[in-house]
Amino acid sequence: MVPPEYYLVLSSAIFCIGLFGILTRRNALYFLMSAELMLNAAVINLVAFSFQWGNLTGQTFALFVIALAAAEVAVGIGIVLVLYRNFGEIDVLNAATMRW
Amino acid sequence: MVSASAYVPAIVLLPFVSFIVALFGRENLPKRGAYGGIAATAGSLALSLWVLLSVRNGEAFQETYYTWATGVGAQDWTLTFGALIDPLSALMLVIVSLVAMLVHVFSLGYMNDEGERDLPRYYAGLGLFTASMLGFVIADNLLMAFMFFELVGLCSYLLIGFHFREPGPPSAAKKAFLVTRFGDYFFLVGVVAVFTTFGTAAFAGAESFPALAEAALNGEATVWTPGGLAESTWFTIVGLLVLGGVIGKSAQFPLHTWLPDAMEGPTPVSALIHAATMVAAGVYLVARMYGFYVLSPTTMAIIAFVGGFTALFAATMGVVKRELKQVLAYSTISQYGYMMLALGSGGYVAAVFHLTTHAFFKALLFLGAGSVIIAMHHNEDMWEMGGLKDKLPVTYWTFLAGSLALAGIFPFAGFWSKDEILYEALIHGLDEPLILGAYVMGLLAVPVTAFYTFRMVFLTFHGEPRSSLARDPHSVRWNVKGPLSVLGILAVVTGGINLVPVQKIVPSIEGIDFLHKWLNNDWGGIEGLSSHHYAELDPYSSQYLFGGEVPTVLAGAAVSLGLAIGGLALAWALYNVADPDEHTDKLGGLKALLYNNYYQDEFQVWIADNTRAVAGGADTFDQGVIDGVVNGVSSVSLLSSERIRRIQSGVVSNYALLLTLGLTTLLVVFGLIGGWF
Amino acid sequence: MTDTDGSDRASAALAVTALFAVLTTVVVGAAGSFPDPTGFPADASIVHNIGYALFDIGLGEIPAEGFLAAFLIIALALDVALDAAIYLAKREDEGSIVSALTDGGRDIVAGDVAEREPADEGGDR
């Protein structure tokens, strides 16, 4: 069987790729996609350790994470809509008035 | 039986409560706070009398009420508030609270009935003053005495400047505050010196600083002295430093210039503060620390000489004044000079005796002047008065009693106390030239005192009225006449507490020198604070003239009484006529010198003008260094926050980047601590 | 729009690489300390067991915690998210979406909505 360290490295790689996307992407939809990637990296971890300890809690928890990710995207798309309404485009760098 | 000692704080706190009530009750109080003040001072008087009785029964005590700072390490001084009730302070408590109560009653007539405004502030000031003065009297250590000393100075400022909407009073208040503050600067240095030298500033007890000083001079104890100075020299310096505050507060030369200007305040204030109590604070302080002062002959000589000089100096200035209260102000300066003369020449009991009698007759004279001022619709110029004795009989007879006491005419109170002062100065001064010189000056001041006093009486009350105000004076009520009568009786009989000459001359009478016995701890007191202890320590020996004590007493009394009657006779001849002239004009240029107070005010202003550089340097240090540090601390905070808040750029990606970096750092830190690597 | 410019990408890349490096170092350091994986029994149906776990029915062989409360709360959360999305998407000058659907589309074809400007005029910039 695949030792769990490999799953850990994989999930941290996917997490870091998603993080890079959040740090770099200006389009709000790509930003949301990168956030989804980070969530899925966590899910990989959960499932891997569910197999490691032989307990289904990890997988059930992963299901909930996916459901919540969907809810979050729903709200996120709504926010993107409002962003578009205010600025005419969905560049996340436009919303910068809450500053010093 | 509840002991009086438990109620001693109440003596100080009752007037303080009346201060608070007047401050917050404002215009809603009955008589604008007068009744509260009268009740509080009457309560203090009752408690003071009870304390006096308990001290008479041997229950003198010293107690610490509150330790507000304890020392650490090598400097284990403690700073405390406490009370020292012994014969001297019990006597002073009665004097202060009695005069305060009578002044409060008089204020009903002088302030309330005359329709003055802002009276709650006036009664609040009087209440705070009474509380501070009583606190000063019971103080058991020099630092507490200093704090209350400053508080009475503050109250003096507030009350002199009571009519602050006119130009004169606020200026006089500032002058009083600044001149006394100048002296208090030296006092403060002296307090610090006492602490550094002795480690304690307590007045009484085996561990008090006078006892330690005495032991140090006997070689039984070691105290710190700066730079290896000899102990006696250092004690002289410390005594002179504290004397700075005394000279300022008791208006001795050269810091006497504030007292005549302080007459801008309302007359009851002048009676209370600038006659009987606050200016007595300096003399009382020397008496309180007398065990320390007697150890240094130089300081004693300086005190006596300054006192004698001031007595003559101020008396000469009182001769040419036109205003009633100005004459009394110079008279006060002069009489406190006598007390300092007594203290400096070893006459401890004589000084306290004169303090007592002077408090009564000077307060009486000021209140009498207040009554005349009410009658004359606030015109104080004596040359516009005249013939008031028929229209103001109570005022006249009590004022006359006070004047006879002031001039030192037998058998009024002032005669006995002034005579004892001069006697003590004479017998101790026959060996000491400085004391003798001070005695001569004090003796010369006697006829001058009698002259200006009776010039004042005759111009005000005798002769024909010289203005319409005098022909038709305003009448005064019981609240004016009552205190005058009480004080008038006291001015007559107070001499009876210490009829020392009678006891010496008539061999069969024993034991009537009550004040001597009282201050000698004959009826109980605190160990080490008795007049015989001071007499043992003082550097004087008694010499007698004409072969013995009795002839010396008789000669001294005869000379001073003769000089006083001579002064009175001169004033009678010149001024007790229907229409007196301004005879002082005959003095010519001397009159200008005296009228301008020997140009002392101008001299002090000149000094102040020419030391601007010193003040400027201090100001620069204060604003640049001290304020600079404080402002610098705040500017560090402001500038750093100005920079740091720019992290909040509003851009989400920046925030995410910072989050990432923070997370990484946190993981590394935890990893290092937890050994993950 | 394009992504952020070069310098920002460099710093982002640096931060991300640092994080990956830290995580991997920790994992590699812990590499040997995991016990052998306990797998699942070969004949157990994982889906059935997940269902048993979701409804707190303890019929399966594979151990799991009960998730009934979480299940119901997630249902609630999804419902709330749906409402939130609808609310955020609503325009202010328009009536409620419900009214647009009850007229059989007359508004869209020939009524107020048709007379308004098409919403996608702005396009992709």
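Modeller: A salt bridge is a side-chain nitrogen of Lys or Arg within 4 Å of a carboxyl oxygen of Asp or Glu. In this predicted model, the structure holds 18 salt bridges over all chains.

Colleague: What makes the contact between A:Asp91 and A:Arg26 a salt bridge?

Modeller: The N to O distance between the two side chains is 2.5 Å, and the cut-off is 4 Å, so the pair qualifies. The partners are 65 residues apart, with A:Asp91 in the segment after α3 and A:Arg26 in the loop between α1 and α2 of chain A.

Colleague: Why is A:Asp91 called buried?

Modeller: Its relative accessible area is 3%, and buried means under 20%, so A:Asp91 is buried. A:Arg26, at 22%, is partly exposed.

Colleague: Which parts of chain B does the pair B:Asp381 and B:Arg322 tie together?

Modeller: Their side chains meet in a salt bridge at 3.2 Å, N to O. B:Asp381 lies in the loop between α15 and α16 and B:Arg322 in the loop between α13 and α14, so the pair ties together parts 59 residues apart in sequence. B:Arg322 also meets B:Glu582 at 3.3 Å, N to O, and that pair is 260 residues apart.

Colleague: How do you know that the span of helix α6 of chain B agrees with its number of residues?

Modeller: At 1.5 Å a residue, its 31 residues should span 45 Å, and the end C-alpha atoms are 44 Å apart, which agrees.

Note on methods: Residues are numbered from 1 along each chain as its sequence is written. Chains are lettered from A and ligands numbered from 1 in the order in which they are written. This is a predicted model: local features need pLDDT of at least 70, side-chain atom pairs count only at pLDDT 80 or more; totals for chains, interfaces and linings use all residues. Side-chain values use heavy atoms; hydrogens and water are left out. Helices (H or I, at least four residues) and strands (E, at least two) are DSSP runs, numbered from the N terminus. The expected span of a helix is 1.5 Å times one less than its number of residues. Buried means under 20% relative accessible area, exposed over 50%, partly exposed in between (1.4 Å probe, protein chains only).
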